[in-house]
Amino acid sequence: MSSPPDSAIDDQFRALERLRRLKYVLWGVLLAAVLGVTYWGLGFIGFQPNVVAGRLPGMYEFIATGFFPPDFQNFTIYTKDQGITGLRAIPASFGDGGAHIIESFQSQRQSLVKASLVTLLLGFMGTVFAFPLALVLGVLGSERVTPFPFNFIFRGTLSGIRAIPAIVWIFLYIPIGPPGQVTAVLAIATDSIGNLGRLFTDDLEEIDEGPIEAIRSTGASGTQTVSFGMLSQVSRSFIAWTLYILEINTRIAISLGVVGAGGLGLMIRNSQDLFEFQQTAAGLIMVFIVVLGIELISSRIRARLRPGEHEGKGLVEAIRGLFDAKKWLGVGDRSDRD
């Protein structure tokens, strides 16, 4: 016969055992639901895995024979005019002290180096245009600045902007102009306002109250309290997140290029339309270099700005990040920032 304390322990043990079994059942139901929806979804969209698997060898042969070796004839105007093809075009483009590169930047004709510059500028200008509005909406969205529930007017605005990807915004700006470099900058800027503003708001919610109270005790106005008590605590963080958004925007600029915004995306699409797949491969390599370069630089600077929260990415980690579809479409949440 068990004593009262032993009986209580047994009851607690049985309760824990029931809870553990319930968790297993819930996880089983969740897994079954995921598999069921996936199976139903495959049938709904007409996805036939056996057909896809049967065509993989053909895809491999297409890429192996069509895309290799990459043809960098469009690397600069000089290599295009001289008919220098393959990898030989790269060292040839850097001849004459880089004069061929500068000539390509100044030319109205398209080249890979100019397309890379356009892509970088689209992402950069979109980020710059977005920063002021993101700062205003982000600050006003904080409960420390705007009392609840009025701060949700600004938070809701940011969430509404974030809900629409940049690739949709560029078509919403068609009344201003067709999908091109101008509307691409506007689309990237609009998308960045939502993402950057939300990051700013979240950071402001986490700052210390001490410096704010100290500024208020001096009789400072609301604007002075925000400037010297709040923004002074998050200035490094804001710069770090702006660099992160710049990194994302470079990828978005490439995606928008495919729908007519110019830059590398447009050159890749044009070469595909002309069945010049070796030049498509060269464009993809340039995308790899541009995105990887921006990501490595951005992560290093962010690591210096906020050593406790950011770590500089290594080459392998940066390459792994190239396969993150969310970053190409400009969607994601706070947990995806690194």
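User: In this predicted model, why is tyrosine 244 called buried?
Analyst: The relative accessible area of tyrosine 244 is 7%. Buried means under 20%, so tyrosine 244 is buried.

User: What makes the pair of tryptophan 241 and tyrosine 244 edge-to-face?
Analyst: The ring centres of tryptophan 241 and tyrosine 244 are 6.5 Å apart, with the planes at 85°. Rings pair if their centres lie within 6.5 Å, and planes over 60 degrees apart count as edge-to-face. The pair is therefore edge-to-face. Tryptophan 241 is buried too, with a relative accessible area of 2%.

User: Where do tryptophan 241 and tyrosine 244 lie?
Analyst: Both are in helix α11 (residues 222–261), three residues apart, which is about one turn of the helix. An α-helix has 3.6 residues a turn, so residues three or four places apart point the same way.

User: How many aromatic pairs does a search of the whole structure find?
Analyst: The search finds 12 aromatic pairs. One of the pairs joins phenylalanine 72 and phenylalanine 75, with ring centres 6.1 Å apart and planes at 70°. That angle is over 60 degrees, so this pair is edge-to-face.

User: Why do phenylalanine 72 and phenylalanine 75 count as buried?
Analyst: Phenylalanine 72 has 2% relative accessibility and phenylalanine 75 has 6%. The cut-off is under 20%, so phenylalanine 72 counts as buried, and so does phenylalanine 75.

User: Is phenylalanine 275 buried or exposed?
Analyst: Phenylalanine 275 has a relative accessible area of 65%. Exposed means over 50%, so phenylalanine 275 is exposed. This residue is in the loop between α12 (263–273) and α13 (277–305), and its phi is near 60°, a positive value in a residue other than glycine. Ring pairs link Phe275 with Phe62, Phe67 and Phe277 into a cluster.

User: Which residues of α7 are buried?
Analyst: The buried residues of α7 are Asn151, Arg155, Leu158 and Ile161. Down the axis of α7 they fall within an arc of 125°, so they line one face of the helix. They pack against α6 (112–140), α8 (166–172) and α9 (181–205).

User: How do you know that the charged end of arginine 155 sits over the ring of phenylalanine 152?
Analyst: The charged end of arginine 155 is 5.8 Å from the centre of the ring. The distance limit is within 6 Å, and the charge must also be within 35 degrees of the ring normal. The charged end of arginine 155 is listed as sitting over the phenylalanine 152 ring.

Notes. Residues numbered from 1 in each chain as written. Predicted model: local features only at pLDDT ≥ 70, side-chain atom pairs only at ≥ 80, totals over all residues. Heavy atoms only, no water. Buried < 20%, exposed > 50% of the residue type's maximum accessible area, 1.4 Å probe, protein only. Helix = DSSP H or I, 4+ residues; strand = E, 2+ residues; numbered from the N terminus. Arc of directions from axis to C-beta. Contact = heavy atoms within 4.5 Å. Phe/Tyr/Trp six-rings, centres within 6.5 Å; stacked < 30°, edge-to-face > 60°.
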